[in-house]
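Hello,

Here is the structure I said I would pass on. My notes on its salt bridges follow below.

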Amino acid sequence: MTKHLRPALALVLLTGLVACGRLGGPVDDKVTWLSLEEGRAEATSYQAGKPLLYDFTAGWCPPCRQMSKEVFADQASADFINENFIPIKLLDEKAGRAERELAREMKIQSYPTLVVVRSDGYVIRRVGYAGRDATMDFLRRSLGES
């Protein structure tokens, strides 16, 4: 292979990996995420008492990107989350003071971490990412405890 073809081939491979979501390319997330402030306001306005779903995540985190791709970009999973939870995404790189304080309160030590919380602040369940099916089971079980 000539020295001029190597960079071109590398660029083609890199572009393909990004397009396939392997290197953190854009994911078509279908969950209607709220900010911490918006989610807390919505939680207090609900009569039905939907639990909050905190997604503690980071853009540099490969398992976070995998969860986004396998769960949050899946229409059926996103519909389930949107209908049953008040979803709040807390992105590490963009965390403000309130988000950092919440992460400390919740003892977040790794990403991704999903935490289901009642509107009164009681933590129902928490989990890391172990695949789409395990995540959906976690969410369904959490509703039974809310």
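The model contains seven salt bridges, a salt bridge being a side-chain nitrogen of Lys or Arg within 4 Å of a carboxyl oxygen of Asp or Glu. This is a predicted model, in which local features need pLDDT of at least 70, side-chain atom pairs count only at pLDDT 80 or more, and totals for chains, interfaces and linings use all residues. Residues are numbered from 1 along each chain as its sequence is written, and side-chain values use heavy atoms, with hydrogens and water left out.

One of the pairs is Lys30 with Asp28, whose closest N and O atoms are 2.7 Å apart. Lys30 is partly exposed at 25% relative accessibility, while Asp28 is exposed at 54%. Here buried means under 20% relative accessible area, exposed over 50%, and partly exposed in between (1.4 Å probe, protein chains only).

Lys89 and Asp55 also form a salt bridge, with 2.7 Å between the closest N and O atoms. Lys89 belongs to strand β2 (residues 86-91) and Asp55 to strand β1 (residues 52-57), so this pair links distant parts of the chain, 34 residues apart. Helices (H or I, at least four residues) and strands (E, at least two) are DSSP runs, numbered from the N terminus. Asp55 is buried, at 1% relative accessibility, whereas Lys89 is partly exposed at 24%.

Asp74 and Arg132 meet at 3.2 Å, N to O. Asp74 lies in the loop between α3 (62-72) and α4 (75-84), and Arg132 in helix α6 (residues 132-145), so the pair ties together parts 58 residues apart in sequence. Asp133 joins Asp74 and Arg132 in a network of salt bridges.

Regards
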